[in-house]
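Subject: Structure handover

Hello,

Please find the structure below, with the sequence. My notes come after it.

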Amino acid sequence: MKEMQKEAKDVSHYGEFGGQYIPETLMNELKNVANAYNKYKDDPDFLKELHDLLNNYANRPSLLYYADKMTKDLGGAKIYLKREDLNHTGAHKINNVIGQALIAKRMGKTRLIAETGAGQHGVATATIAALFGMKCEIFMGKVDTDRQKLNVYRMQLLGAKVHPITSGSMVLKDAVNAALQNWASRIDDTFYVLGSAVGPYPFPEMVHDFQSVISKESKAQILEAEGRLPDAVVACVGGGSNAIGSFAEYIDDKDVELIGCEAAGKGVDTDQTAATIERGSVGIFHGMKSLFLQNDDGQIDQVYSISAGLDYPGVGPEHARLAELKRAKYVGITDDEAVNAFEYIAKTEGIIAAIESCHALAYVMKLAPTMSKDKIIICTVSGRGDKDVASIAKYRGVDIDE
Amino acid sequence: MSNLKEVFANKKAFIPFVVADDPDIETTVANVLTLAQNGADIVELGIPFSDPVADGPVIQKADLRAFKADVNTNVVFEIVEKIRQKSSVPIVFLTYLNIPFKYGYDKFCQRCQELDISGLVIPDAPIEEQCELKPYAEKYGVDLIPLIAPTSADRIEKIAQSATGFIYVVSSLGVTGVRDELAIQQLSETIERIKKVTDVPAAIGFGIHSSEQAGKLATIADGIIIGSAVVQIVADGGDVQKNLGEYALSIKDAISVKA
């Protein structure tokens, strides 16, 4: 009850998590972003433009597809796939980018910057920047520009400049550092389009709201198809943007189990993992208090996953809160399990899903057989896997000429 | 509250910055002692963080050298213990909030008091987020040094009013396209606004390299903080003690003339 009161009073926190742990240089600008967001989020003109772009440009609503073959093969619960992979640009990231870019436009900004891991958020940002006629620069760890070359070139084709980041471990966390630094040095014309449910307030809230379109749709779609709510909703979690969007509308429906799938890398108990909620501890980083993989001194760990999109040492503050309240459950999926799911869903359903999403699918493969045939699972396929084909081939020791 | 404010009485303070354990414990101890003997009024000691988002490339590299030497929070306290055997120069820590958070705010501030650490500069703890740390800082007499940035605007008065120790005024020097004269005019206005609401000293830092710049800025501020230029001298190697000593004297001389 005490926590509830705190939450009611303080919009920037989720229990003890969240906040605005950010250099003074950015504090006024964060306030400007929050003010603009609160001003426009219920504004009819803003919502009209948002929904028009979501429906007529990004291809929403996305399908809720009944995976009949997968359901029969696994022999348990009915499996529905929420097909965010069918969105324009091939992932859920576009939902949030359209929303934030519309806020940026209303704030008079002319330049969008973004961090990206797998490249999906970078591609989405570059796409909307092109559509809106805005300048765009993307920050991406050098390790990720190497393993996601296709997405790098896509961003360049869309007119964006891609900065490979060579500091730190050269992955997503370092890209966020670089994007924050760049934003601090150029707030006049620049809006930082944060792609994950992380960072200082109001970013986790904006990402939650703009991604909640996923569960708003899936709820209506499952009621239409089955006449009832699902028993479980499953999504992958790096920072947690598609998961929070997939969970949002079900959080108050206590009978719907919410399951986030983290990247366990080589295993949750190894040091080559990115399973933040299972292995992490409370800390303060990237503008928020949340759970992080870190050592006893508070130095942030260099994490590992085959998936560039889940290769992040922290998690969004709302997920940390949902885990603490045991409202959502978080499980680790290894590289091996995710790659197996990548091949399984391709052969079974004819869907090449992003390696990130395959962490969620891998858990569904374990979960569905343990549930009876009258149960229902919704699994979010957060993105398509074309970008991953080369690295999966490499993982399997197959040499393909890119 | 610490004795930091007194340091600024009747003089312009020179506040150099070094990264703890860059490149090893003994060198850091020697560097701090050399700076203290050659005009440093307060030494700012950096506790390295894995992801120093508010620091530039020179300091990031120094952090990496310190990590190579296996720096951790207890090693930094050990360095201060060694310094304290020979010098009572006022010291403030610069670090990121996760470091004291993980150490435990109570235990961290208590260690600071035991080692006569006067204050903490924490770039990712704006005043809104200091409420958890503040009770412990006050309990052990450690000042939380707030930062005021070129973008602080209407926040200047609010920050200045609650400040103790000194105020770290971030210059826009070194930011692409900002000319020194322009930066100085803006800084001057900022400091005027600070002075209207508090008598806590205001020191300017960020982007200051030369004794000319330091001298000019000393006409409007109570103190000058120099980070990267000092850290670069350590990085360059050679006779570091001699070079640091000469550099410190030249800065101290440049800012003292104006006092």
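This is a predicted model: local features need pLDDT of at least 70, side-chain atom pairs count only at pLDDT 80 or more; totals for chains, interfaces and linings use all residues.

Chain A overall

Chain A contains 17 helices and 14 strands. Its C-alpha trace spans about 55 × 55 × 50 Å along the principal axes. The radius of gyration is 19 Å, which agrees with the value near 21 Å that a compact globule of 402 residues would have. Of those 402 residues, 64% are buried. If one takes the contacts in chain A between residues at least 6 apart in sequence, 74% of them join residues at least 24 apart. The accessible surface amounts to about 14,600 Å², and carbon and sulfur atoms account for 50% of that area.

A:K93

UniProt, in an unreviewed entry, lists A:K93 under "modified residue: N6-(pyridoxal phosphate)lysine". The residue belongs to helix α5 of chain A, which covers residues 93-106. Is A:K93 buried or exposed? Its relative accessible area is 14%, and the cut-off for buried is under 20%, so A:K93 counts as buried. Apart from neighbours within four places in sequence, its contacts are A:Q120, A:H121, A:A124, A:G195, A:S196, A:Q211 and A:S241.

A:T273

A:T273 sits in the loop of chain A between β10 (257-265) and α13 (276-279). With a relative accessible area of 4%, A:T273 is buried as well. A polar atom of its side chain lies 3.2 Å from the backbone nitrogen of A:A275. Not counting residues up to four places away in sequence, A:T273 touches A:A263, A:A264, A:G265, A:G267, A:V268, A:R279, A:L293, A:V303 and A:Y304.

Helix α4 of chain B

Helix α4 of chain B runs over residues 73-84, 12 residues in total. From first C-alpha to last it reaches 17 Å, close to the 16 Å expected at 1.5 Å a residue. The N-terminal end of α4(B) is capped by B:N72, with a side-chain oxygen 3.0 Å from the backbone nitrogen of B:N74.

Which residues of α4(B) are buried? They are B:T73, B:V75, B:V76, B:F77, B:I79, B:V80, B:I83 and B:R84. The elements of chain B that cover these buried residues include the helices α2 (25-37), α5 (98-103) and α6 (105-114). The strands β2 (43-46), β3 (91-94) and β4 (117-121) of chain B are also among the cover.

Regards

Conventions
Residues are numbered from 1 along each chain as its sequence is written. Chains are lettered from A and ligands numbered from 1 in the order in which they are written. Side-chain values use heavy atoms; hydrogens and water are left out. Helices (H or I, at least four residues) and strands (E, at least two) are DSSP runs, numbered from the N terminus. The expected span of a helix is 1.5 Å times one less than its number of residues. Buried means under 20% relative accessible area, exposed over 50%, partly exposed in between (1.4 Å probe, protein chains only). Contact means heavy atoms within 4.5 Å. A polar contact is a pair of N or O atoms within 3.5 Å; within protein, one must be able to donate a hydrogen and the other to accept it, and residues adjacent in sequence count only if both atoms are side-chain atoms. The radius of gyration is taken over C-alpha atoms; the globule rule is 2.2 Å times the number of residues to the power 0.38. Accessible areas come from the Shrake-Rupley method with a 1.4 Å probe; for residues, only the protein chains shown count as cover. UniProt positions are given in the numbering used here, feature names are shortened, and annotations may be inferred rather than shown by experiment.
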